[in-house]
Amino acid sequence: KGFVGAFTSFGGNIIIEEAYGAKDVDFRAQLVKIKDVNLEALFIAGDTKTTAFIVKQMKELQMNMPVYATRAVESDELLTIAGDAAEGLIYTYPIDFLKESQSEQFGKEKNQKNILLEEFTLNYQQKYNKLPTAYSAEGYEALRLL
């Protein structure tokens, strides 16, 4: 409801809305209806597992429209389920740790924010051998604030 209200207030047009159950894994019936409408793009308001199955089944149905989601999809599970069908999925994310750690500003003009981000990223990578997620960064920041 929040997305629809905001999107339409900016002049967007919702062509079709399809619902699904929380435990559903087969979305082909909804996707066939969506495919018949010939949309410019699709927004999925779902979690990682739901989104993974949807984009996988979209590929099976040869649906090539841009797909948007929220950061709730950020997880290794997305790629485990969807594989290369997740390629091109666009979703919101508060920070790109890889991009930030490689940026020129990260190495230059270090301010307190950059130093904390760099320290957190390096420590996380050393401990877990992968880049942190926004959830790990938010959890760390919440603990640090406490």
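Is Glu60 buried, partly exposed or exposed? Glu60 is partly exposed, with a relative accessible area of 45% (buried is under 20%, exposed over 50%, partly exposed in between, using a 1.4 Å probe and protein chains only). This is a predicted model, where local features need pLDDT of at least 70, side-chain atom pairs count only at pLDDT 80 or more, and totals for chains, interfaces and linings use all residues. Residues are numbered from 1 along each chain as its sequence is written, and side-chain values use heavy atoms, leaving out hydrogens and water.

**Salt bridges**
- The model has 6 salt bridges (a side-chain nitrogen of Lys or Arg within 4 Å of a carboxyl oxygen of Asp or Glu).
- Side chains of opposite charge can pair when their charged atoms come close.

**Arg28 and Glu60**
- A salt bridge joins these two side chains, 2.8 Å from N to O.
- Arg28 lies in helix α2 (residues 28-37) and Glu60 in helix α3 (residues 48-60), so the pair ties together parts 32 residues apart in sequence (helices are DSSP runs of H or I, at least four residues; strands are runs of E, at least two; both are numbered from the N terminus).
- Arg28 is partly exposed at 34%.
- Asp26 joins Arg28 and Glu60 in a network of salt bridges.

**Lys59 and Asp84**
- The closest N and O atoms of this salt bridge are 2.9 Å apart.
- Lys59 sits in helix α3 and Asp84 in the loop between α4 (76-82) and β3 (90-91), so parts 25 residues apart in sequence are tied together.
- Lys59 is partly exposed at 43%, while Asp84 is exposed at 55%.
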